[in-house]
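Here are some exercises to work through with the model open beside you. Try each task on your own before reading its solution.

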Amino acid sequence: EALVLNDPEFQHEDLNFLSRSQRYEVAIRKSALMVMKLREYGIADPDEIYWFKRMCLGSCVEPLGLHFSMFTNALQNQCTVTQQDKWLPLTYGLQIIGTYAQTEMGHGTHLRGLETTATYDPATQEFILNSPTVTSIKWWPGGLGKTSNYAIVLAQLYTQGQCKGLHAFIVPIRQMGTHEPLPGITVGDIGPKFGYDEMDNGYLKMDNFRIPRENMLMKYAKVEPDGTYVKPLSDKLTYGTMVFIRSLIVGDSARSLCRACTIAIRYSSVRHQSELTPGEPEPQILDYQTQQYKLFPLLATAYAFHCVGAYMKKTYHRITGDINQGNLRELPELHALSAGLKAFTSWTANAGIEECRMACGGHGYSRCSGLPDIYVTFTPSCTYEGENTVMMLQTARFLVKSYTQVSSGQLVSGMVSYLNDLSGQRIQPQQVAARPTAVLINDPASLVEAYKLRASRLVEAAAKNLQAELTRRKSQEDSWNRTSVDLVRASEAHCHYVVVKLFTAQLSEINDAAVHAVMSNLCLLYALYGISKHTGDFLQAGILTNAQVTQVYQRVKELLAAIRPNAVALVDAFDFHDNHLGSVLGRYDGNIYENMFEWAKKSPLNKTEVHESFHKHLKPMQAKL
Amino acid sequence: MAQWNRSGYFRSSVSRDVNPDLEAERRTASFSVERLTAVLDGGADNTRTRRAMEAVIHRDPVFSREKQYFQSQNERYEAAVRKAVRLKEKMLQRGWTENRPETKYFYRALGGDVAFNVHRVFKNSILALGTDEQIAKWIPLAEKYHIIGTYAQTELGHGTFLRGLETTATFDTSTQEFTLNTPRISAMKWWPGDLGRSATHAVVFAQLYVKGECYGLHPFIVQIRSLRDHLPAPGVTVGDIGPKMNFEHIDNGYLMLQSVTIPRENMLGRFSQVLPDGTYMKRGSDKINYLTMIVTRVEMLWVEVIPALQKACTIAVRYSVVRRQSKLNPGEAEAKILDYQTQQQKLLPLLATAYALHFMNAYVNKFYSKGYTEIREGNFDSLPELHALTSGLKAIITDYCTAGAEVCLRACGGHGYSALSGLPFLYTKVAASCTYEGDNTVLFLQTARYLVKCLAAVHAGQPTPPSVAYLSLTNSRKCWVRTEADLLKPDIYAEAYRRRASRLLSTAAAKLQALIQSGAEEYVAWNRCTVQLVQAAKAHCQYIIVKNFIDTVEKLTNEAEIQKIMKHLCDLFALHGIFSNTGDFLHDGYISGDQMDLVTASYLDLLAVIRSDAVPLVDAFDFTDENLNSALGSYDGHVYQRLYEWAQKSPTNQQVSQAYESYLKPLFQGALSKL
């Protein structure tokens with residue numbers, strides 16, 4: 001970190017006052033500089049690269065991001081050795097900058113629906129690429145608009161008159177030397193978005209654009225010179241990459257929420273408002289119960305998601321080892337779980353960031369708070385790498401499958417093993433959770449049980465509703481669709497259980513007594529707050545009584561008061577540098593008002609004392625009236 | 001490919017060339033869209049007037065929003081000033097005053113995207129707080145824009161809590177002047193609109209000091225810029241507060257005053273005055289002050305907040321029948337995404353909410369007009385109820401609309417994030433409404449305070465105003481619902497909402513009472529109950545909205561088809577509210593677990609019923625394409641063509657960036673030889 005902080009070339013600029021074109025240019029400059037510096041300092045360890053990048057770019061978005069991740073990754077994993085020899089050195093040397101062009105204007109999640117075609121011409125041994133309709137224009141890939149000169153394009157492969165499905169091709173899009181688009185290529189920026197101003201998300205349209213046969217990525221599937229198609233062996237392995245990317249998003253959910261909480265909690269301890277006690281000075285707004293109720297559950301959530309992120313990363317690394325040894329047993333569950341957790345954490349963090357912003361009153365709305373930026377940068381993760389509702393339904397599919405296994409007498413393992421308990425209950429007419437349970441609302445372990453019961457009840461209810469629909473209708477898909485609201489609820493309950501479980505498990509690993517005490521309170525708050533927000537589920541399933549629900553509400557309020565004294569320390573522990581936080585309201589030193597004034601003076605509207613609009617519009621009008 | 005090269009930017013409202021997917025939706029409407037529009041407008045005459053006003057705006061290129069999404073803060077500010085000036089010209093030409101319905105439709109058509117809105121607040125505050133002489137002096141100047149005013153209340157360190165404001169105005173008997181000062185940085189005026197670049201004058205709220213004694217907050221007219229060259233007046237530091245999440249067309253400003261003197265006559269003196277010898281005089285009640293706040297809240301809901309949700313629904317619903325994704329049945333074409341239950345569950349309850357809020361707002365306007373007349377005549381009886389009602393409704397309606405606009409944004413997949421969808425603009429703008437004109441949590445607590453008082457009155461056997469009369473009804477123990485059909489009876493769900501509101505309020509009030517009796521100071525007890533009190537106030541507002549929706553539907557007897565679909569929407573709104581807050585309704589056993597399963601089933605069935613009328617229901621909001629300004633939501637549904645054409649206009653595609661020459665080219669060197 002110090003390396004970057006002390007380097008004058010990385011001096012942090014405030015992007016808030018720049019136009020999109022300017023922000024793009026700053027981002028490119030930083031990326032280019034960063035690449036040079038990494039070489040110069042010889043930094044090669046992936047973790048070090050990560051920290052270095054984080055410091056260089058701050059919270060800034062990187063137009064070269066897809067080049068380093070998806071483009072390079074695809075070349076490494078899907079190229080033959082010959083292809084690797086040709087492309088990888090150019091990629092590492094950044095002589096070619098690539099992007100990954102999959103999504104089309106009219107097609108996202110449903111990959112089979114993509115329309116771009118690659119037709120093999122054996123006469124010239126070339127593929128002819130076409131965007132046959134408006135809807136088939138590649139749309140959204142990052143770095144495509146202005147930065148990249150190459151793209152990996154996903155297209156429907158046609159050879160010998162037959163469609164062989166989606167395949168990946170290396171396509172040059174801009175002229176070396178001039179950077180002009182090549183003939184047959186139409187490429188550009190898709191225009192302003194909700195955030196991501198620095199990123200040139202782009203469009204790409206191809207008209208009879210020819211590339212040599214060798215530009216198809218041929219590690220798995222192949223097209224022979226005569227046009228013969230050779231099928232790939234298995235495609236289950238792509239699960240691994242997806243799990244990895246989703247685990248990154250879970251980590252990002254935690255980090256973004258941590259940043260937002262840091263800003264809101266520090267500001268709330270500096271801002272004074274109204275009076276609690278007549279005659280006394282205005283109190284810190286963090287002393288208001290309503291303010292604590294907005295922020296502390298989010299703080300607890302931030303810590304909870306931090307655990308989940310760490311767990312996902314660890315599990316991914318463990319399972320990668322297994323996969324390399326050919327053991328794919330755990331992969332389906334992890335794949336299903338990662339989908340749901342990605343959706344669960346990103347939805348929650350998304351709403352939480354906005355809550356933090358609104359908890360900062362009017363000033364939260366100013367870009368100087370940094371919160372609008374955190375929000376717009378984070379919120380697309382609810383959609384990219386798998387739309388959240390679709391993700392929840394993927395998890396649901398796995399849950400229903402596991403439920404069906406249990407119903408047919410098999411045992412299931414892993415996070416869904418609680419479904420095994422259902423088998424003993426099945427003969428009884430009443431609901432699973434109707435058995436007597438004594439939930440202890442001060443015991444995290446007991447709360448994990450409560451969440452488990454809720455999940456199993458909702459999974460069972462969804463599975464039964466699905467079964468009922470199936471007996472009434474012919475189509476599987478139709479029945480599934482008519483149950484999907486129930487299924488999403490079941491997935492959410494499952495994910496919620498997993499998060500409470502992981503957070504609780506984390507407590508036992510803390511040795512420091514004081515830290516343990518405060519983390520226990522956070523963990524309890526997380527679990528109890530979640531119950532208070534879903535009391536209906538717990539009441540309806542008979543997991544909690546009315547009296548217990550009232551106790552839960554009461555306990556939540558007591559915990560708010562208990563956490564209050566440590567609130568600032570708990571966000572300081574996230575250890576964000578002021579540059580990285582990018583917020584006047586969230587400054588470590590709390591000197592917000594002077595710095596807001598300094599910041600505002602830089603506004604483009606303040607460049608001249610009298611704005612040109614006065615001369616152009618106001619003065620003439622006043623003369624006329 | 002014929003549709004490919006459409007060059008017209010907006011032509012869809014009159015175009016016959018409609019995307020067949022969208023056309024099919026319109027053919028099966030169960031009611032007349034035109035008649036529903038008339039119902040929403042409060043009569044076909046109003047619809048005609050509104051459309052005529054919109055046409056005036058859309059014909060004039062000055063009001064074009066074509067470049068809006070590509071403009072910088074400076075450009076947007078300039079456009080807003082240009083529009084305000086043109087609007088003034090139009091009004092003068094036609095002789096319209098601010099209060100004419102035509103003018104209101106103008107503002108609505110512009111969606112508030114015009115400068116000098118706070119100039120109107122400036123005028124209103126002089127009208128409400130000034131003496132007749134002050135009104136005669138300042139209002140004509142303001143009317144003609146010879147001066148532009150702003151309303152400077154909020155400070156950098158102080159918002160809602162007015163007594164905490166720090167700006168001072170000290171009277172000097174020897175010069176007969178007030179001296180205004182900003183004693184420290186947290187006392188700088190911060191946020192007032194039109195202040196940063198435009199305003200020449202401001203109504204400044206400051207603590208009044210005479211002969212060493214503080215008399216509390218009072219309003220003063222202060223000149224802040226020269227009328228000659230627009231430079232700041234001596235002692236005045238003024239500027240723009242910088243970029244925000246949206247509202248970049250407004251120059252929200254800061255203002256620092258260092259020994260700025262103004263004549264004694266510049267203190268607005270309808271309710272209090274300082275005499276030449278320094279005697280402070282108070283006269284009459286300044287409760288009318290509340291009225292300014294109420295006016296502003298009622299207006300913003302109608303002009304900006306509720307339309308934001310209606311527009312977001314229009315865009316998302318239209319896009320959802322044009323966008324196809326995956327297959328519902330093997331062998332068929334990809335399904336419209338609105339056919340997925342999960343998509344219906346996101347959008348259709350919002351559509352019902354948009355209607356519920358529209359009708360609620362119509363009621364509030366009526367209630368408010370009646371109260372306004374009484375209050376102006378000196379009868380303040382309805383003021384507390386009006387204040388409590390508008391506070392709570394402002395909070396819940398802005399909450400609903402903000403959350404709803406965001407759901408619409410995310411319901412449009414990736415394209416929702418494109419500025420060209422119009423949704424980021426709608427969302428970031430409406431999101432501000434949760435904090436301006438009163439932070440929502442504070443407003444809910446104001447309503448709660450009123451409710452607690454009313455409950456005490458009920459217990460004491462005193463009469464209560466109509467909107468809270470329900471608190472005195474006795475509660476039945478169990479809900480008697482046995483079938484899904486029972487749940488479609490308005491009496492049933494109205495009663496469930498009523499009971500819930502009543503129970504949450506009683507519980508909170510009892511807790512408050514218990515804490516006070518156990519010796520806690522009242523303000524400590526209050527703070528410890530605020531989470532519950534907010535919940536109670538929300539439940540109260542939700543009950544009022546449901547009840548009003550039911551009453552509105554009942555009155556639609558002349559429009560059988562419209563009444564039918566509105567009844568479905570009302571049912572959906574009510575059942576969705578129960579479905580989303582099951583705990584509140586299950587808590588005391590009023591609704592049983594089995595009954596709750598019926599609620600869920602009934603709610604899900606309604607989604608499918610409303611699905612078939614979804615597009616006609618958004619069409620009835622009758623927003624022009626120019627007003628929506630969305631590539632995804634246009635009437636003709638040519639989503640993809642428009643996205644592609646609009647993207648070409650982005651400055652990033654038209655201006656040359658230095659990024660390639662300066663930074664990328666050096667990286668690419670040497671590749672030519674290897675490829």
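This is a predicted model: local features need pLDDT of at least 70, side-chain atom pairs count only at pLDDT 80 or more; totals for chains, interfaces and linings use all residues.

Residues are numbered from 1 along each chain as its sequence is written, chains are lettered from A and ligands numbered from 1 in the order in which they are written, and side-chain values use heavy atoms, with hydrogens and water left out.

**Exercise 1. The nonpolar cores**

Find which residues touch the most other members of the largest nonpolar core.

Solution. Start with the term: a nonpolar core is a set of buried Ala, Val, Leu, Ile, Met, Phe, Trp, Tyr and Cys residues joined through side-chain atoms within 4.5 Å. Buried means under 20% relative accessible area, exposed over 50%, and partly exposed in between (1.4 Å probe, protein chains only). The largest core has 289 residues, and W139(A), W190(B), Y355(B), M566(B) and L617(B) touch the most other members. Next, look for the main contributor: helix 8 of chain B (residues 288-322) gives the most to this core, with 18 residues. Helices (H or I, at least four residues) and strands (E, at least two) are DSSP runs, numbered from the N terminus. Finally, another core of 26 residues lies apart from the largest one, and M53(B), V56(B), V85(B) and L87(B) are among its members.

**Exercise 2. Strand 8 of chain B**

Work out which strands pair with strand 8 of chain B, and in what sense.

Solution. Two strands pair if DSSP finds at least two bridges between them. Strand 4 of chain B (residues 189-190) pairs with strand 8 of chain B in the antiparallel sense over two bridges, with K189(B) opposite L255(B). Strand 7 of chain B (residues 236-240) also runs antiparallel to strand 8 of chain B, joined by five bridges, and here G239(B) stands opposite Y254(B). Now check the two faces: G253(B), L255(B) and L257(B) point one way, Y254(B) and M256(B) the other way, and all are buried. Five of the five residues in strand 8 of chain B (residues 253-257) are buried, so the strand is largely enclosed by the rest of the structure.

**Exercise 3. A serine in strand 10**

Is S272(B) buried or exposed, and with which side chain does its own side chain make a polar contact?

Solution. First place S272(B) in strand 10 of chain B (residues 272-274). Its relative accessibility is 7%, so S272(B) counts as buried. Its side chain makes a polar contact with that of H218(B) at 3.3 Å; such a contact is a pair of N or O atoms within 3.5 Å, where within protein one must be able to donate a hydrogen and the other to accept it, and residues adjacent in sequence count only if both atoms are side-chain atoms.

**Exercise 4. Two annotated positions**

Which residues does UniProt list for "binding site"?

Solution. The unreviewed entry lists T103(A) and G142(A). They span 40 residues in sequence, yet no two of their C-alpha atoms are more than 10.8 Å apart, so they gather at one spot. UniProt positions are given in the numbering used here, feature names are shortened, and annotations may be inferred rather than shown by experiment.
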